[in-house]
Amino acid sequence: MQRGDGQLVENFYSSTCPNVESIVNRVVSTKFSQTFVTIPATLRLFFHDCFIEGCDASVLIQSPNGDAEKDAPDNLSLAGDGFDTVVQAKQAVEAQCPGVVSCADILAIAARDVVVLAGGAPFSVELGRRDGLVSRASSVKGNLPEPTFNLDELNQMFAKHGLSQIDMIALSGAHTLGFSHCDRLANRIYSFSSSSPVDPSLDPAYAQQLMQSCPRNVDPQIAINMDPVTPRTFDNMYYQNLVAGKGLFTSDQVLFTDASSQPTVNDFARNPLDFNAAFATAMRKLGRVGVKTGNQGEIRRDCTAFN
């Protein structure tokens, strides 16, 4: 995969579509007023897009054969509200600047906007991506982090995209928002190991809470908040939760239990400004992953279909 050289600039559309960010922001804000899910759904969509084929809106493509990126098992839980946000924003942008702004850039702007709407610190977004020309379900497997990953597996996967351990820990902080499903954490409360059915790194009271929310044979799609304390606020509570043994996934809690990442978690738990700065840096770096420019891509007219 070609790594984008980050030939992106903040004012890419200054002469061709100067109001693009305010147009997108207006749509995102309206969508948020209709449903909170807009926020975690859009942020997660950006991450899933960038880790497969780069930040090129390939995750938005709909295939009549059900074999596009969004059809892969790991992507079936991407909430429809994220897709809808980008499609609506694209329509609003097309009305003012037809054929100019890529779906990939609109997703990058929207991902920043939802962070700010949920209380996160503002940061500027680099623009100039083109939309990708391939979207395959088969590209996804093995390329997104699993909830069971340890620190080495997380670092290895993020390093492939030029992201450091600090970037990875900061981006994990997106789990201060949104929800998962019981089937993604059942192993930590019912079948962790032969000697200990409950993961010993879980706070016992939190483990009890999870068992109440996710009884043994519950519908696997019951939703459970990633951040049990402030699930609708973009803040540093995720890290405070990790310190308290309240990380939902193994891949969350390991950031605190592993000695080499623990100091960063402690810093972010104590210093929201450190976290906000690291998150903004990591989002900008994430936004440069596998970027298409020139004839490597196109400006899609409809985000869900190749031109």
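**Note on cavities and pockets**

1. The count comes to two cavities of 30 Å³ or more. A cavity is a set of points, on a 1 Å grid over the protein atoms alone, where a 1.4 Å probe fits but cannot get out. A volume is the space filled by probe spheres set on the points, with grid points joined across faces, edges and corners.

2. This is a predicted model, in which local features need pLDDT of at least 70, side-chain atom pairs count only at pLDDT 80 or more, and totals for chains, interfaces and linings use all residues. Residues are numbered from 1 along each chain as its sequence is written, and side-chain values use heavy atoms, with hydrogens and water left out.

3. The largest cavity holds about 80 Å³ of space. Two or more lining residues come from each of α4 (103-117) and α12; helices are DSSP runs (H or I, at least four residues), numbered from the N terminus.

4. The second largest cavity has a volume of about 40 Å³. Its lining includes V115, F234 and F279, and α12 gives the most, with three residues.

5. The largest pocket has a volume of about 1,000 Å³. A pocket is an open set with protein on both sides within 12 Å along at least five of seven lines. Its lining has 40 residues, with R44, H48, H175, F179 and F249 nearest the centre. α2 gives the most to this lining, with seven residues.

Notes
1 Å grid on protein atoms, 1.4 Å probe; cavity = no way out; pocket = protein on both sides within 12 Å on 5 of 7 lines; lining within 4 Å.
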